[in-house]
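Thanks for making time this morning.

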Amino acid sequence: MSEVANSKGKALALCLIPALMLAYFVVGALSSGISIPGRDGALTFSGKAAWIACLFPLLWLVGDVIRHYPAIKLSGAKRKIIATLLTVTGVGLFFYAIIM
């Protein structure tokens, strides 16, 4: 797959999952807390941990926009590196929110 999406519509479609996840996390952080269902019950974040957990879908979304949006003028290698660093940083912050 080409790093830069062929159309703006395709670029937006690739960012749909992290955008919806970000909306869910922000609404959860603004209300009582973020609840993520799992096999052994629900993982719940509240307070500062909820806001730190919101950084994961935000950084994932920004990484996907950098990787796939054609208006951003970067080489393919730079796109991959920046998007990967942002996503890995977001995952790290999410796991930090879990242990808080």
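Let me start with the aromatic pairs: rings of Phe, Tyr and Trp (its six-membered ring) pair if their centres lie within 6.5 Å, and planes under 30 degrees apart count as stacked, over 60 as edge-to-face and the rest as tilted. With that in hand, Tyr24, Phe25, Phe45, Phe56, Trp60, Phe94 and Phe95 form one aromatic cluster.

Before going further, a word on the basis of all this. What you see is a predicted model, in which local features need pLDDT of at least 70 and side-chain atom pairs count only at pLDDT 80 or more, while totals for chains, interfaces and linings use all residues. Residues are numbered from 1 along each chain as its sequence is written, and side-chain values use heavy atoms, with hydrogens and water left out.

Now the overall layout. The protein chain has five helices and two strands, where helices (H or I, at least four residues) and strands (E, at least two) are DSSP runs numbered from the N terminus. Along the sequence, these follow the pattern α-α-β-β-α-α-α. Of the 100 residues in the protein chain, 29% count as buried; buried means under 20% relative accessible area, exposed means over 50%, and partly exposed is in between, with a 1.4 Å probe and protein chains only. As for contacts, meaning heavy atoms within 4.5 Å, among those between residues at least 6 apart in sequence, 59% join residues at least 24 apart. The accessible surface comes to about 6300 Å², and 70% of this surface belongs to carbon and sulfur atoms; the areas come from the Shrake-Rupley method with a 1.4 Å probe, and for residues only the protein chains shown count as cover.

Back to the rings. A search of the whole structure finds six aromatic pairs, and I will take two of them. For Phe25 and Phe94, the ring centres are 6.3 Å apart and the planes are at 40 degrees, so this pair is tilted. This pair links distant parts of the chain, with Phe25 in helix H2 (residues 16–30) and Phe94 in helix H5, 69 residues apart. The second pair, Phe45 with Phe94, is edge-to-face, at 5.4 Å centre to centre and with 65 degrees between the planes. Since Phe45 lies in strand E2 (residues 41–45) and Phe94 in helix H5, the pair ties together parts that are 49 residues apart in sequence. Phe45 and Phe94 are both buried.

What surrounds Phe25, leaving aside its neighbours within four places in sequence? Phe25 is in contact with Ile34, Ile36, Ala53, Cys54, Pro57 and Phe94, and at 3% relative accessibility this residue counts as buried.

Neighbours within four places set aside, Leu22 is in contact with Cys54, Pro57, Leu58 and Leu61. For Leu61, the separation from Leu22 is 39 residues in sequence and 8.2 Å between the C-alpha atoms.

Turning to helix H4 (residues 55–68), we find Asp64 there, buried at a relative accessible area of 14%. Not counting residues up to four places away in sequence, Asp64 touches Leu14, Cys15, Pro18 and Tyr69, and its C-alpha atom is 6.4 Å from that of Ala83, which is 19 residues away along the chain.

A polar atom of its side chain lies 2.5 Å from the backbone oxygen of Ile66.

Ile99 and Ala49 are 50 residues apart in sequence, and their C-alpha atoms are 8.8 Å apart.

That is where I will stop; thank you.

Terms used
Polar contact = N/O pair within 3.5 Å; in protein donor to acceptor, adjacent residues only side chain to side chain.
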